[in-house]
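Here is a short walk through one structure. Keep the model open as you read.

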Amino acid sequence: MTTNNRSWRRAGAFAAVATAGVFGVGLAAGTAQAHTPEWKVTCTDVSVHLTAYSSKDDNTVTVTVDGKDLLPTETFRGSFDKKLELPKHDKELSVRLVVKAGDNDKFSRDLTETAPVCENNTPSPTPSETPSSTPSPSETPSETPSDTPSAATSSAEVPPASTEPSSPGDLAETGSSSSTPLIAGAAAVVMVAGGGIMWAARKRRSAQH
């Protein structure tokens, strides 16, 4: 009986030690897997996946890009899952993730990753830099010749005015000939003669009376 009791006691002690060991390993594994943030940074976005955080305490998460808030501080309990779009960029960006655990600060995390530049993020040329295949109206030659002669006539085509001097004896044509003074003189003589005749006739009549 004494031998059997000792055997049972040894078996019970061994079982207790084994059970405690298994429980300790399981507890350690559960603690190691809890409060482990997962996140991924690409050239276009940031994915944040937080699990196994305290469901009774307030936990916070913040994401910044080059010091500017991409995700302002947000409170969560238990788990957090969100995908954030990065702004377009032509150089690498510094992305920072800050997680504060509400149950114990040792589970808090402050992580930094670099967002690369996307290969297709090269800026396209502006319209002013694009060559134009259509010539401007000023560069297009005129294909239709002008059939209308110029109204202006060159000085070489205008016949020159006559420069020959007129003879001294020639008078300007004013509508009267050279005999006009003679006619006027004859008319004056006739008038004077007529006046003399009338004066003589009157004198003769006076003498008769």
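Which residues do ring pairs link into a cluster? They are Tyr53, Phe76 and Phe80. The model is a predicted one, and every value below is computed from it.

Strand E1 covers residues 38–41, and strand E2 covers residues 45–50. The two pair in the antiparallel sense, over four bridges. A hairpin of three residues takes the chain from E1 to E2. For a landmark, find Lys40, which stands opposite Ser47 in E2.

E2 also pairs with strand E5, residues 80–85. These two run antiparallel and are joined by six bridges. Look for Val46 here: its bridge partner in E5 is Leu84.

Now turn to the rings. There are two aromatic pairs, counting rings whose centres lie within 6.5 Å. Tyr53 and Phe76 form an edge-to-face pair. Their centres are 5.6 Å apart, with 75° between the planes. Why does this pair tie together separate parts of the chain? Tyr53 lies in the loop between E2 and strand E3 (59–65), while Phe76 lies in strand E4 (residues 68–76), so the pair ties together parts that are 23 residues apart in sequence.

Tyr53 has 5% relative accessibility, so Tyr53 counts as buried. Phe76, at 6%, counts as buried too.

Phe76 also pairs with Phe80. This pair is tilted, at 5.6 Å centre to centre and 45° between the planes. Phe80 is buried, as is Phe76. With that, the ring pairs link Tyr53, Phe76 and Phe80 into the cluster.

Notes. Residues are numbered from 1 along each chain as its sequence is written. This is a predicted model: local features need pLDDT of at least 70, side-chain atom pairs count only at pLDDT 80 or more; totals for chains, interfaces and linings use all residues. Side-chain values use heavy atoms; hydrogens and water are left out. Two strands pair if DSSP finds at least two bridges between them. Rings of Phe, Tyr and Trp (its six-membered ring) pair if their centres lie within 6.5 Å; planes under 30 degrees apart count as stacked, over 60 as edge-to-face and the rest as tilted. Buried means under 20% relative accessible area, exposed over 50%, partly exposed in between (1.4 Å probe, protein chains only).
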